[in-house]
Amino acid sequence: MEIAGAVTSMLQCLCAYGCLSDTISEQCSYLRKPEVVVKKLEEKLKLLIAQETDLRTELNNERMLRGRGPTAEVNLWLTSVQKIKEILDNLKDKQENKSFLCRCFPNVCSRLKLGNFVRNKMLEVDKLLDQRNFSGSTLVTMLPERGKALPTGTLIGKTAHKVLKSTWEYLMDINIGIIGIYGMGGVGKTAIIKEVNNKLLIENTNFDDVIWVIASKDSDMQRLQKDIAKAIGVSLDDFDSAMSRATELFSALMRRGKFLLIIDDMWEAFHLDEIGIPVPSRDNACKILITTRSLRVCHDMETDAEIEVHTLSQREAWALFQQKVGQEVLSSPRIQDVAQEVAKECGGLPLALITIGRALRKESNIRHWKIALSELRNSTSSIEGMENQVFARLRFSYDRLKDDTTRSCLLYCVLYPEDHLIETEQLIKYWLLDGLLGHSGSQIARMQLGEMILNDLKRACMIESVFQFESCGEHVKMHDLIRDMVIKLTRENSSCMVRSGLGLQIPPTENEWPPDLEIVSLMRNDLKSINCEPKCPKLRALLLQYNSIIKGMATTFFEHMQNLKVLDLSYTGIVRLPDSLSNLERLRALLLRSCWNLQHVPTLAKLKDLRVLDLSYTSVEYMPEGMQMLMNLQHLDLSCTKVLNAPIHLLLLNYKRLENLLIIGLWEFTIGTLFIDVDVIQRCRSLVVLEVSFSSMEDFDRYINSGHWSLLDNFKFVIGYPPPSTHGKNSVGFFGTDIGERSSPALLPGRVLELEIQDCRGITQLPVFITAGASQLQCCKIRYCDQMEFIITPELSALPNLECLEIEGLNNLHRICRGTVQTGTLGSLKTLHVMACDSLKTLFPIELVANLKNLVEIKIENCANISEIIATREEDGGATETNHPDILLPMLQRIKLSCLPELKYICRGVMICDSLSRLEVLACPGLMTLPFLVDMREQLVCSLKQINGSRKWWEEIRRNHRDATYLLRRAFRRIPETSSDEESADGSIISFGSGSSSFGPR
């Protein structure tokens, strides 16, 4: 009965699975020998796979050789083959290989199902084999290129990767349409955007097309149109007018969908509509990326974002140079030392590092290395590739400057020593004195023109701004290789001699002064005498400052320099000027500042074109003869001289063109003896800069009430006898005088930017006559005024624009503010320095801290009784025990606390200062907690790079802030309590809020 049941079951399966279409014999073949049938299918599948492999090989060859890809029909066939392969890979798992009738016909239905499945798949394989015959247009078609991958090297340096990252972020930002990348030639702009191009082709689907165009150096609008058209496969040959070309190009670009247009090395800006480029918008999702050597081009192209590419750091430059030179050469310590100096001379410019590195690759002769270094330092490099690859690129940037005037102004930058920080005001004055800024208009107007030219040079990346902390003036710097390039140009026509900062002790001989010389710079050497008689009739400017010249100059030195316009002997030890100076009839500027030994200046009677005479800080006791003939004089500086017979009255009445008068420290002529008649000063309508001393507060009041100061562009007023000062523009200083209550005091001039008060009596806080006129005050310094108890009363003046507040030696000071803190009080304050204020217990209340959103630096030193910097509750002079509010100082970067024996807390709440980068704590034994470490934030971990203090203090901080100090452990630097504030334990100098100009005292 079991066998009969099995047979019946088998017959039912045969009927159910194909008995109408297949014979019983065919059906049973799947039951008898299923492995034979499956093997037959496997043989056909092997043939199919072989054909697939051949097809893919053929497609790969087409892609590589002709840039073609598979048709849709081919892709469909390949997909079908892949599916068959995946299905049949699982067939063996489903196959039942048991003998027929074994154990009473087991799994008959399952085997019949499998057999039917195999038969169907065999038919599909046969069909795919028949469809394999692809050829010609049915096989491949042209690929729809999104762009072309470009050959690239490896990006070197954090700067390059930072620019790459910023560029990518801007490209992904829907609000940014046009991006400009700028930097000097050879800095690596093209390498960066090649990486961007390739990365977009691989990773990004935001753009349907990436179009790369190189703007040729002589590119005009038509040339650029054709270059873009060529890049997208469009011909503009049949279009004659600019408008028709623009229309056709516009249509072609719009058909590309969301495109990115990359234009490399742009020299001139163009209007997008005139070229035929769609203006990027959120609607069309198109973008434009340009590179240029000029920020001006970015601005003219109306870029939405600009990114500057800086030179490499010294460490990055050395890594690149090592890579190009080869490590085996640098294994010699002697060569490595010279090689590092060679790398430094490249100034971090990748192009120069690569060029010089390749030229010296595997060079084992140290003599060749020393020759290369000498040539680089003397701007005479003959290293292979430097002229054609480096200087040629930089020369093109120079040639593309706006005009000859701009190029001549750039020339003055090379007159300074290599890597010198150039004071911009001094630089522009040289331009003005040499006549480069024209001859019409006021000196102020021409100085403004000079500032415009300076900005053009910065935008062209020929010079760069340099920030000097606590320096009043702006400084710029010239890249070493740009300087070398310009010097090489001047040597071609013998117009310039530049030997500045070389340590020369012997001046050039007469033969080294060719007659065509126009500018000579020997500044910042160690010349003790100059005894030659150069014959340079074309010489316009001679810069000799910062030399000794203690042994003087030849009497006839200036005999053959009849065209000389600018002579700078500042900061030299010369005693007497040679008599031949009196014949320089075209001289416009005689600069003798800080010639400390100078006692004699010959007659100036013939120097009728003289515009600037600077005798400040000299030992001259008598005015030079012939002063009455200097009717074109515009600038006279007699500051801190001992001149006894200065005809100041005559100067004011007769010098109709006098614009700048500087006589602070000319003690015979403080106002009160000089300006006896206010009518005299009121008639000096040409004055725009006035720096004077007053002998008393009454004389100061008298002058201020005259209103003359309102006609000045810049003033500096001193009452009393000041120490050497670095006051800036629009400043007032009170020294050793009583500025307390008096009848009818004059209000401080409303445009005062800087205020200094020292050793003054009669005030417990800033008096009303000061605060009422101090709405624009930016810097305030108060020292040694023993009666002062508070600085300001906010109800009277909030000092909303004050950026720097320095107080020192105020022994009776209780607090900075008295009374109710008004909104905006000290709202612009950036720097706060407090020193030697022994009565101070708390610095300011928490209500004031809410206004200090711009505070960058706090420095508190030598305050014997201060226990808490920020008091939570003002009335008790300290913090409450509970409910301490969080304190937010978002811009705070530097804190220095030194010699504060009673200090317990900065504040008792949580302080959030995520920008803090430097903390220094010295001799503060009671400060055991830090409020910004209570709730440690990730931003602070990243920003706080340096913590200076004693090991004992740090151990106390660690006990109270274990988690935070672990995260900041690498930032700590030990400073012994006995060391000075200026030197760390490892001997490195710690500069905290200090800086000085390299040009000496103002």
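Tutor: Let us begin with Arg-459, which forms a salt bridge with Asp-456, the closest N and O atoms being 2.7 Å apart; a salt bridge here is a side-chain nitrogen of Lys or Arg within 4 Å of a carboxyl oxygen of Asp or Glu. Before going further, please keep in mind that this is a predicted model, in which local features need pLDDT of at least 70 and side-chain atom pairs count only at pLDDT 80 or more, while totals for chains, interfaces and linings use all residues. Residues are numbered from 1 along each chain as its sequence is written, and side-chain values use heavy atoms, with hydrogens and water left out.

Arg-459 and Asp-456 are separated by about one helical turn because they stand 3 residues apart in helix H21, residues 443–459 (helices are DSSP runs of H or I with at least four residues, strands are runs of E with at least two, and both are numbered from the N terminus). Arg-459, at 24% relative accessibility, counts as partly exposed, whereas Asp-456 is buried, with a relative accessible area of 16% (buried means under 20% relative accessible area, exposed over 50%, and partly exposed in between, using a 1.4 Å probe and protein chains only).

A second pair can be set beside this one: the side chains of Arg-56 and Glu-52 meet in a salt bridge of 3.2 Å, N to O, and both residues lie in helix H3, residues 34–66, where they are 4 residues apart, about one turn of the helix. Arg-56 is partly exposed at 41% relative accessibility, while Glu-52 is buried at 4%.

The side chains of Glu-861 and Lys-896 also meet in a salt bridge, at 3.5 Å from N to O. Glu-861 lies in strand S27 (residues 857–861) and Lys-896 in strand S30 (residues 894–898), so this pair ties together parts that are 35 residues apart in sequence; both residues are buried.

Salt bridges can also join into a network, as they do for Glu-756, Arg-783, Glu-806 and Glu-808, and a search of the whole structure finds 33 salt bridges.
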